Amino acid sequence: MDDRRKRKPERSSEQVGNKKAKKQWQTPKKNFSSAPSINPGDAGIWATCDMHKEGLCTVELRDIFNEYASLIYGNATGSDAAIAHDDPLASEDIEAEIKKEVQGIRDSKVEELFTPVKIDVQCVLFFKTREPVEPVSFVHRICSDAINKATAKKTRHLKRLTPMTRMGKAAEKSLEEVAKAVLAPVFHRDGVPAQKFAIRTTIRNNHAMKRDDIIKRVADLVGEPHTVDLKNYDQLILVDVYRNILGMSIVGSDFEKLKRFNVAEIYEPTPIKETLKTPYCNSEDVPDNPDFTPI
């Protein structure tokens with residue numbers, strides 16, 4: 001080695017110890033555990049929308065849902081005490097009043113009637129609902145007003161609404177649990193007369209659950225004295241499966257009249273000749289599909 005090269009002076013251990021370590025910047029980890037999710041026993045509303053318009057449609061639906069909630073349920077948003085505030089002049093100290101304000105903000109978040117849940121399925125949205133909202137009657141009211149021209153169209157990207165009375169996991173055992181809970185009030189109460197029913201399934205991004213298996217199991221759970229009638233049913237059982245999520249509800253005999261809750265079709269019916277030219281995200285969204293079979 002060439003001795004003429006200058007060597008870097010060696011640092012003493014004391015110098016090394018005194019040197020400040022470089023600050024390591026770390027990207028904060030996102031906490032996904034607090035994100036809204038669909039859990040067994042939840043109720044809610046599915047919605048389909050134009051491609052790549054999920055965000056805009058979510059905003060539109062939140063406004064419409066809140067407007068109808070005020071119209072139907074008034075100020076019934078849960079615990080009135082949670083959002084009520086005493087007269088500030090009656091508070092004994094400022095600190096107590098601040099605590100009340102903070103608690104009020106927290107409670108107001110808990111009391112959302114409609115909570116959007118991110119679904120990793122293109123063109124599909126889900127809003128979780130809570131009491132007093134009853135998804136079937138709520139969606140029925142929106143579509144009835146639309147078909148009766150009681151309200152003007154307020155959405156640009158919404159296609160269809162599908163109410164779900166109860167949610168569960170997309171599995172055979174969960175299907176039975178959900179079905180028993182949803183079917184009982186309509187078919188199994190004391191004094192309920194024999195009714196005609198049909199079953200309509202929608203399955204997307206799930207290859208484990210088969211349409212025929214779902215229909216057979218649900219029909220068995222309905223049982224006698226009720227009978228299947230594909231065209232003149234009294235009750236239509238909707239079963240929707242998206243990925244690993246399953247939901248079920250029961251709608252009335254005016255489902256076809258209300259365009260299967262397809263809000264876009266109610267306001268702007270698509271001419272039959274143009275139907276096949278229109279790009280839809282879901283074949284179920286094709287208006288007046290002649291191949292539609294309820295069961």
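## Sheet

Threonine 129 in β3 is the bridge partner of phenylalanine 114. The model is predicted; local features need pLDDT of at least 70, side-chain atom pairs count only at pLDDT 80 or more, and totals for chains, interfaces and linings use all residues. Residues are numbered from 1 along each chain as its sequence is written, and side-chain values use heavy atoms, without hydrogens or water.

β2 and β3 run antiparallel, joined by 4 bridges. The open sheet has 4 strands in the order β2-β3-β1-β4, with antiparallel pairing (strands are DSSP E runs of at least two residues and helices H or I runs of at least four, numbered from the N terminus; a pair needs at least two DSSP bridges). β2 and β4 (158–164) are the edge strands; each has a single partner, so one side of each lacks a neighbour in the sheet. From one strand to the next, the twist averages 25 degrees.

## Helices on the sheet

α2 lies across β1 (43–49), β2, β3 and β4, at about 30 degrees to β3 (angles run from 0 to 180 degrees between N-to-C directions of axes fitted to C-alpha atoms, for helices over the stretch in contact). Helix α5 (residues 135–147) also packs on the sheet, touching β1, β2, β3 and β4 (contact: heavy atoms within 4.5 Å). Its direction makes about 150 degrees with that of β4.
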